[in-house]
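This briefing goes through a two-chain complex, topic by topic. Please keep the sequence and the structure in view while reading.

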Amino acid sequence: MPSARFPIPQGTLDMLVLHVLSLEAAHGYAVAQRVQQISRETVRVNQGSLYPALHRLEQKRWLKSEWRRSETGRDAKFYALTRAGRQQLAREKASWDQLSAAVRLIFNEGAKA
Amino acid sequence: MTKLLNLFRRRRDRLERDLDRELRYHIDRRVEDLIKDGLGEPEAQRRASIELGGVPQVQEAVRDTWIWRWLDELLRDVRFAMRSLTRSWGFTAGAGTVLALTISANVAIFSVVNTVLLQPLAYPDAERLVSVETWWTNTGRASQDVSGPDFLDWQAENDVFEQLAAYFGGNETPVIVGDRAVFANSGYVSAGFFAVFGQSASAGRLLTQDDVPAEPAPATAAVVAHHWAATHFGSDRDAIGKLITVYGDTMEIVGVATPGFRYPGSTDVWLPMRPTNHAPNRSDHPYQSVGKLKEEADLTRAQAQMRAIGDALAGQYPENRFKTATVIPLQQRLTGSLEATLWVLMSAVGVVWLIGCANIANLLLARAAGRTREIALRAALGAGRVRVMRQLLTESCVLAGGAGLAGLLLASLLVQEVVALSPANVPRIDDARIDTTVLGFALGLSLVSTALFGLVPALHASRLDLSNALKQGGSKATASRAGARLRSVLVVAEVALSVILLATAGLLVRSFLALQQVDLGFTTDRVLVAYTEYAVRDDVTEDLWTRSRFYADVLDRLRNVPGVSAASGVAYLGMGREPRSPRDVYIQGRPEGRPGERPQAEYHAITADYFKTLEIPVRAGRDFDPTDTPERPRVAIVNETLARTAFPRESPIGRRIQTGTNRKAAWMEIVGVVGDTRWQDPSQPARAVIYAASTQGAGNSLSILARTSLDSQALAGTLRTLLHDANPTVPVKFETMDELFDSALAYPRFRTQVIGLFASVAVVLAAVGIFSVLAYLVGQRTRELAVRRALGARTVDVIPLIIGQGLRLVAIGLVLGLAGALTLARLMTGFLFEISPWDVGTYLGTIAVLGGAALLATLVPAIRAAAIAPLVVLQQE
């Protein structure tokens, strides 16, 4: 149901992309599919913003790319994480954990009161 | 530059192509999946595109990320560069000043080159304008002078010109406007003249075929220049219909040319003429010829055709035996005299700039060495080699950009100085200014400067051995060995380039001094010159004698003025002007010889006392005197060159000669031989001359010469009154012979002054370069020197060590520079007078000056090295 899907918050798309690519190298279309599969279709990734994100991350040297034969036999541009990308993902995960823990704490506090 | 741009473009194209493929892949896959889900193909296509948010939109969004990153990094680099430049303001100020100065000098000279040589002439279709000239096959030279019949044949037989016109004059002539007599530059032009230049009238109309007078009649119509109309009548419109009198002929002003049109030279008045009127003869070449090529005719074809026409005429007429025709672009003809000089100046100033760049590269290298640790740290933190290089280059770019801007401002002032120094008759030089071409040049120069002095140190610094640099830690760590070698190479280059410039300047200075000391054959000081023009109709004999009496009268009165020791007249005073074209000379009792093989001489009409006034020695025979009247047999005086060449091993006195085209004229008996004179250009050998007594012929208007012990201003006032009393319609203009001589040397003086200036700048820059390198080396060797001192080396042991190191570089530079200078000197031959391009004195002087400067530059670092206190240094370590 489309209404159940919410747009992902600003700034988290980069993190999701990094995460997906940390599992294995993939092309843009696969990244889009994967994000949706993993999130059990609850997150709606705007496909149009996926590509600028990929390019931005590549320019920050967090991703590297190469043209490779895809599963359909056609050439596709595959992205993979660099070492710097891996470090960045770790940093973002950590800060995300902190943030969500903090948010949960605050919410729980409110529920107790 | 274009290579870099291409690289950039190719990179961008690849990015675009990749993005395109990437997005197409996405759409295709989505469409396949949607079709599998049961959608029809068109619908699937639509959905895929919508989901993506439109391919162009995505492309645009991705492109933004490229640009932002680029801008972001650039901004960061620039900010960083500014910070680092302001931190070491001493370096920035020094390097910036050197660069700003050299750029401004280059821009200033270039803006002159640009205006005079590169900008097309300010006429419509200027690139199709050509000068059609006589080509002398016996001397292999082109001459602008054309005979009337030749011109008419060229005009009739060619099919390459849209218009072909002849003209002559453009010189000062007396013109009577209302009740005043003034000098105006008047040119006689054939019917198509204005059409060649694509001119239209600013008021009235231009000259047409109908204005060209019938064979015996004088002209009745004239066109005047815009500024001339404004000066004399208030405006161009007010000039129309007014009458002016030129050489006794009264004519009506029918038109005014557009503002700025003055061809040839700075003509004020154009009169119509028929090319045969003045010279029906093929051996007389009074005209010049300009043409406009047809659009489809190129220069080569025009040259071939004119050559063919000229060759045919050569076969047809004996007078044309050594003549044919050639075509030269008008621009080349107009700037020819200055072209070589300007290119020499441009090369000289370019060398100064190279030296400046080498200097700054040296400074940057020293800086990079001092920053080894900073750079190593950045590299260790993950900055790629390219990134480090880029950052260093940005620094150079910011420096060059700032200096370029300052240089441009400075250049706008400098241009005026260069124009002020330059010879007066350079076409268009007054228009020299900073325009877009010059701006582009300045920008390019700044960029190339950056590449020259920024790239080498940047490459060098980026090739650091990381661990070593960090380990050694100190700010003056390792860039050392390769760096020191590079710096030495730069110093050698600076010295070598300075030697070349200095030697060139030395040759020019010595040659200029020699020029000034040439024995001209006459003395120039204390001689006042008064140009006058007594206008008469050539065909009214009565008037001619009136004129003759007028001059005799004025000269008599002038001789009676106290303080005037001699006074005389000459029809054509050659100094600083074009020479008169030589005429064939016939000697009574000898075979005439064939055209082109006869002796030739310039012909000058003078009065008695001319030789006395100019202190030209009379070698044999006598001067003209009052007994040489029209009734007496005609007499002539020849100069030594003619005496020697035409009368070898015999005395010319008493021999009779004839000259010019009129073979019915009376023979002239040679009554004297006088010393040679060099008029136009002191560097040229004297020409053969025949002097005739102006009192015997119909004569001409005369320039009056007076040798005086009086102040020239005061005498000029007296003479002006005297002339006015005798005839108020004769205009007069004063000059002194010294002034004329100065202007004859204008070109060599200009070259010498400007190159001399550049050479001195080069020497200073080279000295600074040597100083900075040695100071740096001393800094590097502080520890070693301290150890030496500690082990007992004395001051006298240390100083030679440093000086030796400096002088070794200087010696290599000197040798290379001398080799270069000697190679290039051959190219300077055309500019040199009486000085061999291999003049030993000049090269010894160069070595002395540069060696001296270098020694001075090594002294300070050497003394500093000697002052090293071993204890302090070694404790610090």
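What follows covers confidence, the fold of chain A, the contact between the chains, and some local backbone features.

The model is predicted. The predictor gives the complex an ipTM of 0.85 and a pTM of 0.69. Where the chains meet, 14 residues of chain A are in contact with 16 residues of chain B.

**Confidence**

- Chain A has an average pLDDT of 81, and 82% of its residues score at least 70.
- Within chain A, confidence is lowest in strand 1 (residues 6-7), where the mean is 62. It is highest in strand 5 (residues 75-81) of chain A, at 90.
- For chain B the average pLDDT is 84, with 93% of the residues at 70 or above.
- One stretch of chain B to read with care is residues 473-479, where pLDDT stays under 50.

**Fold of chain A**

- Chain A contains four helices and five strands. Along the sequence they follow the pattern β-α-β-α-β-α-β-β-α.
- Of the 113 residues in chain A, 27% are buried.
- Among contacts in chain A between residues at least 6 apart in sequence, 50% join residues at least 24 apart.

**Helix packing inside chain A**

- Two packed helices are described by the angle between their axes and the distance between the axes.
- The axes of helix 2 (residues 28-38) and helix 3 of chain A come within 10 Å and cross at roughly 120°. These two helices of chain A are therefore oblique to each other.
- Helix 2 of chain A passes helix 3 of chain A in a right-handed crossing.
- On the helix 2 side of chain A the residues are Gly28(A), Val31(A) and Ala32(A). They meet Gln47(A), Leu50(A), Tyr51(A) and Leu54(A) in helix 3 of chain A.
- By class, the residues of this contact are five nonpolar, two polar and no charged.

- On chain B, the elements that give two or more residues to the side touching chain A are helix 1 (2-36), helix 2 (41-52) and helix 3.
- Helix 1 of chain B gives the most to that side, with seven residues.
- The side of chain B that touches chain A has six nonpolar, four polar and six charged residues.
- How do helix 3 of chain A and helix 3 of chain B lie, and at what angle do they cross? The axes of helix 3 (residues 47-59) of chain A and helix 3 (residues 55-87) of chain B come within 8 Å and cross at roughly 20°. An angle under 35 degrees counts as roughly parallel, so helix 3 of chain A and helix 3 of chain B are roughly parallel to each other.
- The crossing of helix 3 of chain A with helix 3 of chain B is right-handed.
- Helix 3 of chain A contributes Gly48(A), Tyr51(A), Pro52(A), His55(A), Arg56(A) and Gln59(A) to this contact. Their partners in helix 3 of chain B are Gln57(B), Val58(B), Ala61(B), Val62(B), Thr65(B) and Arg69(B).
- The residues of this contact divide into five nonpolar, five polar and two charged.
- Tyr51(A) takes part in the contact with helix 3 of chain B and also in the contact with helix 2 of chain A.

**Backbone features**

- Most residues other than glycine have a negative phi, and most peptide bonds are trans.
- The peptide bond from Tyr263(B) to Pro264(B) is cis, with omega near -10°. Pro264(B) is in the loop between strand 8 (249-257) and strand 9 (269-272) of chain B.
- Arg61(A), a residue other than glycine, has a positive phi, near 65°. Arg61(A) is in the loop between helix 3 and strand 4 (63-69) of chain A. With 14 other C-beta atoms within 10 Å, Arg61(A) is partly exposed.
- Arg526(B) also has a positive phi, near 65°. Arg526(B) is in the loop between helix 15 (480-516) and strand 12 (527-532) of chain B. It is partly exposed, with 17 other C-beta atoms within 10 Å.

- Leaving aside neighbours within four places in sequence, Arg707(B) is in contact with Arg526(B), Val527(B), Ser565(B), Ala566(B) and Thr613(B).
- Arg707(B) and Gly563(B) are 144 residues apart in sequence and 8.5 Å apart in space, C-alpha to C-alpha.

Methods. Residues are numbered from 1 along each chain as its sequence is written. Chains are lettered from A and ligands numbered from 1 in the order in which they are written. This is a predicted model: local features need pLDDT of at least 70, side-chain atom pairs count only at pLDDT 80 or more; totals for chains, interfaces and linings use all residues. Axes are lines fitted to C-alpha atoms, for helices over the stretch in contact, and angles run from 0 to 180 degrees between N-to-C directions. Angles under 35 degrees count as roughly parallel, over 145 as roughly antiparallel, 65 to 115 as roughly perpendicular and the rest as oblique. A crossing is left-handed if the near helix is turned anticlockwise from the far one by less than a right angle, and right-handed if clockwise. Two residues are in contact if their C-beta atoms, placed from the backbone, lie within 7 Å. Ala, Val, Leu, Ile, Met, Phe, Trp, Tyr, Cys and Pro count as nonpolar, Asp, Glu, Lys and Arg as charged, and the others, Gly among them, as polar. pLDDT is the predictor's confidence in each residue, from 0 to 100. A residue is buried if 20 or more other C-beta atoms lie within 10 Å of its own, exposed if 12 or fewer, and partly exposed in between; C-beta atoms are placed from the backbone.
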